[in-house]
Amino acid sequence: MGEVIVITSGKGGVGKTTTTANLGTGLALENKQVVLIDTDIGLRNLDVVMGLENRIVYDLVDVVEGHCRVKQALIKDRRYEGLYLLPAAQTRDKNAVNPKQMVKLCQELREEFDFILIDCPAGIEQGFRNAISGADRAIVVTTPDVSAVRDADRIIGLLESSELKNPKIIINRVKPDMVRRGDMMTIDDIIDILAVDLLGVVPDDEKIVISTNRGEPAVTDSKSLAGQVYRNIAKRILGENIPILDVQSEEGFLHKLKRLFGIKNAM
Amino acid sequence: MLAGLLNLVSRKSRSSKDTAKERLKLVLIHDRANVSPQFLEMIKGEIIKVIQHYMDIDEDALDIQITRTKNDEGNGIVPALVANIPIKKVKNSGK
Ligand SMILES: Nc1ncnc2c1ncn2[C@@H]1O[C@H](COP(=O)(O)OP(=O)(O)OP(=O)(O)O)[C@@H](O)[C@H]1O
Ligand SMILES: [Mg+2]
């Protein structure tokens, strides 16, 4: 029986889709059967981030409305064994799907896959409720700024009250230089405020933009720092105990990362 | 000119991330429990009144906030009212 994980945030643009693409690909690289579901109906993006936009025939709404079988709508990623995408509909809106239908869909996919990752839209309305309805656990993505952390807090409260206990947090786009200058909240500051477990810390990395341009998740790039971090998070999701790096070290986060992974000129 | 100078001084003495953290903490009190800062002030006043029967406390340093904490089973998070009340002296009248 597979596990359904929703990737959510509250605030838009903090990196949910990037996280879904990279963790999904990372889990597939660990020989897991993975399906990614884009629930951002009307504003789909997971397809382009994954580089699969030209292969869409059916979408999520077609599946829940019974126009096709689930199998027909799944796009197989030919580059990575065991990785599939169920794209969102682009010409409909969030109300085209309801939570009950999502629960049923997740139930069906659970039989076949090890992991079902759900890319949640921004906001706390219908799209959010759809995305979380079938999930077993939740990952909340935030950036280290006041508004993203505030919205993450709100989302954590909503997840807790809808039976998704103990959400884990990924702090994205950390800029070690700014942290060292005292102009960006530290990981400890954010964890202190949100009072949830930390799943990973992703540095702000140009390689993310470059890999998104190409439609190849950074997790497959052995020279990308963010990619290395995503590989670690995927392993953590599988239960491996891999320490999270300290941003506040004297030596500097990037240097430490580079040394640890043997990367010379990563950024 | 003077304002600019003052600004410079205060920015030096306090990093922007500390300001961010402090502001977040305050705004989240309201977001989390749907209680107003005035409501918390009321609770604070009552707590001070009761405790002063038994001990001298440092009223200025008293800190009260609504935060989150793990529940007893460790599988969920519940809101918690946390008060940090520095004690100056315990009165003997209780004995
Ligand atoms: N670690 C990172 N370093 C650099 N750029 C990043 C990083 N993470 C995300 N980005 C960039 O930030 C932008 C927003 O990312 P993404 O689309 O994943 O966010 P989102 O939360 O899914 O947004 P939305 O709420 O609109 O769905 C993208 O351009 C992405 O390339
Ligand atoms: Mg997105």
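Trainee: Which pattern does chain B follow, read along the sequence?

Mentor: This is a predicted model, where local features need pLDDT of at least 70, side-chain atom pairs count only at pLDDT 80 or more, and totals for chains, interfaces and linings use all residues. Residues are numbered from 1 along each chain as written, chains are lettered from A and ligands numbered from 1 in written order, and side-chain values use heavy atoms, without hydrogens and water. Helices (H or I, at least four residues) and strands (E, at least two) are DSSP runs numbered from the N terminus. Chain B has three helices and four strands, in the pattern α-α-α-β-β-β-β.

Trainee: What share of chain B is buried?

Mentor: Buried means under 20% relative accessible area (1.4 Å probe, protein chains only). Chain B has 95 residues. The buried share is 24%.

Trainee: Why are the buried residues of α9(A) on the same side?

Mentor: Helix α9 of chain A spans residues 187-194. Its buried residues are A:Ile187, A:Asp189, A:Ile190, A:Ile193 and A:Leu194. They share a side of α9(A) because their arc, taken from the directions from the helix axis to the C-beta atoms, is only 160°.

Trainee: Which residue follows α9(A)?

Mentor: Look at the backbone there. The phi is positive, near 55°. The residue is A:Ala195.

Technical notes
Buried < 20%, exposed > 50% of the residue type's maximum accessible area, 1.4 Å probe, protein only.
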